[in-house]
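Subject: Handover of a structure, with notes

Dear colleague,

Please find below the structure that I am handing over to you. My notes on it follow, and I would ask you to read them with the model open.

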Amino acid sequence: MEFDRRVQIRVDRLERGQRKKGFGSGYLVGPRLVLTAAHVLDHMAPDTDSPVTVSLPDTGEGEFPAVVRWLRKDATVDAALIEVADGHGWQAPQSLGDMLTRPPQRYGLIIGARPHPVTASGFPRLQKDTTDGRRLDEQFAGRIAPGTGSLAGRYELTGTTPTPGAATDTPGSGTRWSGMSGAAVLTDDDYGSDLLCGVMRRDRQADDGTRLTATPAARLLDDDAFRALITEHTGWEPVLEPVEPAVLLTPAAVDRNLRSPAALLRADAEAVAFHGRESELADLHAWCENGPPAIQVRVLTGPGGQGKTRLARRLTDTLGWRGWVTGHLSPDLTDDPTPDAAPPDFTTLTTSLPLLLVVDYAETRPRLLRRLLTHLHRSRHRVRVLLLARSDGQWRTGSLQAVANVRDLLEEAPVIPLAPLIPTSQAAHDRHDAFYRAAHDLSLLLPLLPNLPAHEWTSLAGALRPPADLHDHRYDNVLTLQMTALVGLLQHGPRPVDAAPGTPPERTLLKHEDRFWEASANSPAYKLDLPAPTLAAAVAVAALCGAATKDEALRVITTLPGLPAHQTAPAAAWLASLYPADGDRYWGSLQPDRIAEYHASHTLTEGDILLPALLGAATPGQQAQLITVLARAAIAHYNTGRTTVSEQVLHTLDVALDTTPLTYQSVRTAADALPYPSRVIAPLALRLTIVLAHTHRQLAVGNPASEGDLARSLSNLGVRLAEAGRRGEALTAAEEAVEIYRRLAAGNPAAHEPDLAASLSNLGVQLAAAGRRGEALTAAEEAVEIRRRLAAGNQAAYEPDLARSLSNLGVRLAEAGRRGEALTAEQEAVEIYRRLAAGNQAAYEPALAASLSNLGNRLAAAGRRGEALIAAEEAVEIRRRLAAGNQAAYEPALATSLSNLGVRLAEAGRRGEALTAAEESVEIYRRLAAGNPAAHEPDLATSLSVFAMLLAAEGDLSVALRATGEAVELYHSHVVTAPSIVPRLHALLGLQADLLEGLGREAEAEAVRRWLRGNSLPSDFQN
């Protein structure tokens, strides 16, 4: 409690013709805004200039005129906000001196059923001085029992501390607690701060002890006008926070640690006002408020800086105003707690009120997430859990020893990619407006940065012009747009840094951040006197590894080559103060994450970090964090066109992993957190998955309980090996996974049949790639049979999986020559995905595009070429949009659909467009094959075949022949490891023979045909 905010309120009253003096207590919630009880202001004299005055008893007896700005007095609310008039010498108390970096007041809601300690301080009659009539202060200490008074919408406070009687006992003059009305009811958050959870109303005059009533803060924040007035006076929108689990959650309104430019871009700083996202918010509100009350989980994914956290914060704020219990799980709660840390007490989240909990960085703490859900799924009331992650992956779908109900919750959770705030499809002025808003809002806070010279920042913001390429896809990311605005302000301000045109905004911003590091390190508190590269490397180590304890920090920072031994402890302490951590962790990190990832990867590629030594000194949790940070950085570099840097980061990590052993825990955590799909980090993912499969095989020896983990890692290994082009090994892993799952499902079908179906679906793909088409079809049919049965019992959970298996089955049936059945299966898959995408476009569009691409092929085979072209065009349109937002994930799929579209366009007689599509497909696959020949050269050969066919149709036989020559060479180099390409090779050689003959090279044409006659297709490929 801030004692300097307690005020006394005096009122000139006119009641039944009698003039009287009213008195009450109040609490400053803004520099000139006082919260009190409405009944304190009863019967204000209308003929008095200033019927209400406010005084600060801690600073003197002066009374300052005030006006009532908001008042509500009804059955559930008895509260008012009065504003101290300006121009009368009022001095705001010291605790309200900083309104820009610290929220003036946080508001709390008691959510449980157990009595909770609270306190209030005011000026009741029992403290009226008998000598001079002054009202002295009284601090009430008591408890709120949530089950008492709740039906009346009020809190009831009980206390047993002895109190003296009132100074006077005049009949009708009130009780000894008269004058306490309007005092703020506060409770501690266990971190040394307080939450205002009510405002005092009445004394119920208990027979023994004390019993007072209060209006809950939740009733106040439910009022739009109340919130608007608080915001007007403080610049902070009030939000409601649950009281009992405060130690588990991030404060809803956090201090803005505005010591450096990058801090302005933190999501929790909310430097740029929230705008847009109306449809996403409406959808999330509907998910929370509609449907059955049983616990539901949803996943929101997107690259760093897409706006996931800001959207989730807005959701929790707005639902909190509607009476929900909302919060964000604290980031210092991890899968790797400090050895002496007590496990989090999730029982404090138990409530009968509707609950929404947000878990950010869900992919980095999957085991903590499962412990949390294990507690929450027992609730009998409405519970929603929103998970924020860069991407989907094993962190969600793996069992990780979770109970069956929790595993099902996660596996069935919808995964929704967050679309750009302002996509390129919107009008250009929308992005310009967003840029100007960001520049203006950031300019208001720049004066708070301590090392930045004074400047007319708001005037500069008004004159700043957005970049000429603001329409580019990279500005789909809202952080990129806001970072560009901030860099523009800094570079046009009084202290720009050297930055060549085209320098990434992250790099320019970090050059400004460098100055903050140097000023802080050379301050009297540290006097590090280290060169700038060493300071930057130290910041990078903290971003890569983090540190839960001082010992962890010292171990990793000691590996810095430019850091003298006697400076390690001061440097570790400097980093701890530079970016303070949440909760009890020793080190925080540079924020936002994307800036930290860029800095860490840049420092690594500059050679300022010895990665093998750093990995060797790190704990398992630090090792996992390091791998995750660098993987994210590599993807971000690739998606912004910095492919060379991306490759350099991954190569450096790969070399370090060759010489540094990782713990099972670190490998498991890092593998779970890696995004899927992402071909950029596919080799890293494969490396980790091989280690996991090997470890699980050892653990499963003589331990049947570990067989499920082995089967899961083998199934994942099969997928990763296929991505790498190691198809034979992929098939072996997939077969073993199915064998184990089949045995487990025989003993416990309910637990293992879903996993068996998934493994069968993967096995079918690998068998087909090996040319074993009959077995592939059998596996695909069994997968569909299982998933159809599961979907019949739980459509919402298993229908997406059924659609996936149906699409695979369509391909296998087509390979078997059963074209009618293939078309039926693919049509059913598209029908399901289209229905799912109608309700959740972002989540199901990738799968819909894949099925549409397949459907186009099936329709063409059935002679329905017009419909086939429509399907192919829609598939390309979706995949082009997806690849624009995440090139690393969706570019291979786009190339496949472009090749298919080329064929469909040619069938429609649109040969020029067909050539353009096919040429783009070849260009993409050529780039992909350069990075991973084993995985992508067969696809490049297929695209070259289509391109050659289209060139031949145009009469360009020479160029077509060159394309077939390259494709034949590629096919021949992979035919042993990928027998499924044999039919394509034969078809291509037939085209090549025709081209040779058309060019008058009959002898060469006959040689090719002679080879074809001597190497006829196996019977399994005759269809």
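At roughly what angle do the axes of H30 and helix H31 cross, and within what distance do they come? The axes of H30 and helix H31 (residues 933–953) cross at roughly 160° and come within 8 Å. Before I continue, please note that this is a predicted model, in which local features need pLDDT of at least 70 and side-chain atom pairs count only at pLDDT 80 or more, while totals for chains, interfaces and linings use all residues. Residues are numbered from 1 along each chain as its sequence is written, and side-chain values use heavy atoms, with hydrogens and water left out.

Two packed helices are described by the angle between their axes and the distance between the axes. Here axes are lines fitted to C-alpha atoms, for helices over the stretch in contact, and angles run from 0 to 180 degrees between N-to-C directions. Helices (H or I, at least four residues) and strands (E, at least two) are DSSP runs, numbered from the N terminus.

The angle given above makes H30 roughly antiparallel to H31. Angles over 145 degrees count as roughly antiparallel, under 35 as roughly parallel, 65 to 115 as roughly perpendicular and the rest as oblique. H30 passes H31 in a left-handed crossing; the term applies if the near helix is turned anticlockwise from the far one by less than a right angle, whereas clockwise is right-handed. Residues of H30 in this contact include Ala914, Ala918, Ser921 and Tyr925, and those of H31 include Leu940, Ser943, Val946 and Phe947. Contact means heavy atoms within 4.5 Å. By class, the contact of H30 with H31 has 15 nonpolar, four polar and five charged residues. Ala, Val, Leu, Ile, Met, Phe, Trp, Tyr, Cys and Pro count as nonpolar, Asp, Glu, Lys and Arg as charged, and the others, Gly among them, as polar.

H30 (residues 911–931) also packs with helix H29 (residues 887–907), at an angle of about 150° and with the axes 8 Å apart. H29 and H30 are therefore roughly antiparallel to each other, and their crossing is left-handed. Among the residues that meet are Leu894, Leu898 and Ser899 in H29, and Ala917, Ser921 and Ile924 in H30. The contact of H29 with H30 divides into 13 nonpolar, five polar and four charged residues.

Two residues of H29 deserve a separate look. Ser899 has its place in helix H29 and counts as buried, at 7% relative accessibility. Buried means under 20% relative accessible area, exposed over 50%, and partly exposed in between (1.4 Å probe, protein chains only). Not counting residues up to four places away in sequence, Ser899 touches Ser921, Ser943 and Val946. Ala889 is likewise found in helix H29 and is buried, with a relative accessible area of 13%. Leaving aside neighbours within four places in sequence, Ala889 is in contact with Pro677 and Ser678.

The nonpolar cores

Which residues touch the most other members of the largest nonpolar core? They are Leu386, Trp517, Trp574 and Trp587, in a core of 231 residues. Helix H12 (residues 532–545) gives the most to this core, with eleven residues. A nonpolar core is a set of buried Ala, Val, Leu, Ile, Met, Phe, Trp, Tyr and Cys residues joined through side-chain atoms within 4.5 Å.

Trp321 is found in helix H4 (residues 308–321) and is buried, with a relative accessible area of 8%. Among the residues that Trp321 touches, not counting those up to four places away in sequence, are Leu221, Arg227 and Pro238.

The peptide bond from Gln591 to Pro592 is cis, with omega near -5°. Pro592 has its place in the loop between helix H14 (568–578) and helix H15 (593–605).

Gln205 has phi near 50°, a positive value in a residue other than glycine. Its place is in the loop between strand E12 (194–203) and strand E13 (210–216), and at 54% relative accessibility Gln205 counts as exposed. Tyr361, also a residue other than glycine, has a positive phi near 55°. Tyr361 lies in the loop between strand E18 (355–359) and helix H5 (366–376) and is partly exposed, with a relative accessible area of 26%.

Yours sincerely,
A colleague
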